[in-house]
Amino acid sequence: MSEASPRKTSDETGFREATRVWLLENCPPSLQGKSQVAIWGGRKWRPENPDERVWLERAASKGFSAPMWPVAYGGGGLSKAQNKVLLSLLRELRIPLPLVGFGLTMIGPTLLQYGTEAQKREHLTRIARGEVLWCQGYSEPGAGSDLAGLQCRAEEDGDEYIINGSKIWTSNADAADWIFCLVRTDPDAPKHEGITFLLMDMDQPGVTVRPIKLISGSSPFCETFFNDARALKANVVHKVNAGWTVAKALLGHERSMIADAFGVGGTGGTKRVSLAERARRYLPSDKSGRLGDPVLRDAIAQSEINARAFALTVQRSKDGMRAGHNPGPESSMFKVYGTELNMARHELMVRIAGPQALGWEGAGFEADELALTRDWLRTRGNSIEGGTSEVQRNVIAKRVLGLPD
Ligand SMILES: Cc1cc2nc3c(=O)[nH]c(=O)nc-3n(C[C@H](O)[C@H](O)[C@H](O)COP(=O)(O)OP(=O)(O)OC[C@H]3O[C@@H](n4cnc5c(N)ncnc54)[C@H](O)[C@@H]3O)c2cc1C
């Protein structure tokens with residue numbers, strides 16, 4: 001591994017050059033140019049390409065798996081400007097992010113805000129090293145948009161809680177090691193006031209998961225059942241019965257993460273190939289070499305302009321955020337716009353590819369066409385996950401615009 005230490009370089013140019021050298025020396029060649037690879041980590045992770053583990057370990061020891069987290073918790077201690085440089089280099093060199101997942105984007109930032117020192121030292125360092133994969137236990141069969149109506153119960157037993165109930169739509173629960181969960185600890189309190197935010201190890205006899213098959217053919221989420229499952233009281237985040245405050249903070253991080261996926265350089269699903277490039281593959285051009293169909297040309301131009309404007313707006317908002325400031329209800333605006341933009345983009349890609357975007361398997365379709373069908377179907381969930389578009393609009397109306405109920 002290189003001796004160069006980008007973190008000690010004060011000016012941005014020096015940091016950029018040192019980081020570029022470090023990335024090229026330390027990212028295994030089999031992963032360079034493979035930015036679409038998603039490295040999830042966790043105890044059950046068995047990567048097809050062993051270099052993924054090598055890359056994760058090297059990046060984590062450099063602090064690049066959680067670049068802006070404090071060094072004491074396994075992060076890189078990078079400034080916002082340095083992090084931006086690192087991300088732009090990863091994009092430019094098409095090197096995969098060293099680590100992805102709810103640990104980094106949801107529970108990690110929430111623990112930085114609300115966790116005890118012991119919780120930060122235990123959980124953040126394991127997340128940053130990619131040792132633990134997290135999932136989110138919020139939704140229940142009878143509590144989605146009305147999340148505070150949740151019924152999953154936790155009762156005290158010495159220095160532990162005993163948990164009974166079920167969750168649904170738990171993304172990656174079958175692969176996850178730990179779950180952050182909302183549980184009812186005071187059934188007699190008003191519904192928002194009897195909820196506790198609890199961290200729980202999934203690897204115990206009281207927890208079972210059952211994958212749910214999606215229209216796209218994959219099973220990205222599960223039903224999760226707790227039958228006398230146990231969690232230490234030390235794993236309550238913030239205070240008992242004050243979990244709603246933590247839950248809202250985490251949703252802010254979740255919605256920012258979803259917006260990020262469609263904004264700041266994210267691909268939001270299918271590898272970002274220019275729409276015009278796609279159209280040229282399927283549709284005839286006019287005499288001047290432009291796409292022949294003027295209506296489609298207009299739709300493509302508008303979609304690219306909207307995507308660019310959105311990426312810049314998300315970036316401007318992030319740049320303008322004071323250090324240590326956490327996302328507020330305005331993250332709902334980005335969540336609505338980013339997800340609806342991504343869904344419309346996929347509709348357009350399907351329109352461009354025509355019948356070639358409707359394949360499921362077999363001959364006659366390229367691999368990227370089969371992937372497009374599945375990605376397009378997957379985008380149907382974008383306006384639901386992390387809170388539906390209707391619910392985001394309610395949040396914007398009440399908490400951003402201050403409109404009456
Ligand atoms: C891909 C995907 C991944 C997910 N991953 C997770 C996960 O990891 N963990 C987790 O806990 N959950 C997860 N979810 C669940 C998601 O958070 C819920 O589906 C979502 O909050 C909506 O809840 P619901 O499905 O119960 O729908 P409902 O709340 O029953 O809503 C049904 C319809 O009614 C509308 N509606 C409801 N209330 C209002 C209102 N007050 N005003 C206007 N319209 C309203 C909704 O917009 C929706 O159209 C995931 C969902 C998807 C699609």
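Colleague: Is Asn241 buried, partly exposed or exposed, and why?

Modeller: Asn241 counts as partly exposed because it has 16 C-beta neighbours inside 10 Å. The scale: 20 or more other C-beta atoms within 10 Å of a residue's own means buried, 12 or fewer means exposed, and in between is partly exposed, with C-beta atoms placed from the backbone. Before we go on, this is a predicted model, so local features need pLDDT of at least 70 and side-chain atom pairs count only at pLDDT 80 or more, while totals for chains, interfaces and linings use all residues. Residues are numbered from 1 along each chain as its sequence is written.

Colleague: Where does Asn241 sit?

Modeller: Asn241 is in the loop between strand S8 (236–237) and H6. Helices and strands here are DSSP runs numbered from the N terminus (H or I, at least four residues, for helices; E, at least two, for strands). Asn241 also has a positive phi of about 70°, although it is not a glycine.

Colleague: How does that sit with the general rule?

Modeller: Most residues other than glycine have a negative phi. Arg94 is another non-glycine with a positive value, near 55°.

Colleague: Which loop holds Arg94?

Modeller: The one between helix H3 (80–93) and helix H4 (102–114). Arg94 is partly exposed, because 13 other C-beta atoms lie within 10 Å.

Colleague: Switching to helix packing: at what angle do H6 and H9 cross?

Modeller: Roughly 35°, with the axes of H6 (residues 243–262) and H9 coming within 8 Å. Axes are lines fitted to C-alpha atoms, for helices over the stretch in contact, and angles run from 0 to 180 degrees between N-to-C directions.

Colleague: Is that crossing left-handed or right-handed?

Modeller: Left-handed. That label means the near helix is turned anticlockwise from the far one by less than a right angle; clockwise would be right-handed.

Colleague: Which residues of H6 make the contact?

Modeller: Gly252, Arg255, Ser256, Ile258, Ala259 and Phe262 do, and they meet H9 residues including Phe334, Lys335 and Leu341. Contact means C-beta atoms, placed from the backbone, within 7 Å. By class, the contact has five nonpolar, seven polar and two charged residues. Ala, Val, Leu, Ile, Met, Phe, Trp, Tyr, Cys and Pro count as nonpolar, Asp, Glu, Lys and Arg as charged, and the others, Gly among them, as polar.

Colleague: How many residues are in the largest nonpolar core?

Modeller: The largest has 79, and those with the most contacts inside it are Trp134, Ile163, Ile179, Leu198 and Met200. H6 gives the largest share of this core, nine residues. A nonpolar core is a set of buried Ala, Val, Leu, Ile, Met, Phe, Trp, Tyr and Cys residues joined through C-beta atoms within 7 Å.

Colleague: What does Ile179 touch?

Modeller: Not counting residues up to four places away in sequence, Ile179 touches Trp134, Cys135, Gly137, Met200 and Met202.

Terms used
Two residues are in contact if their C-beta atoms, placed from the backbone, lie within 7 Å.
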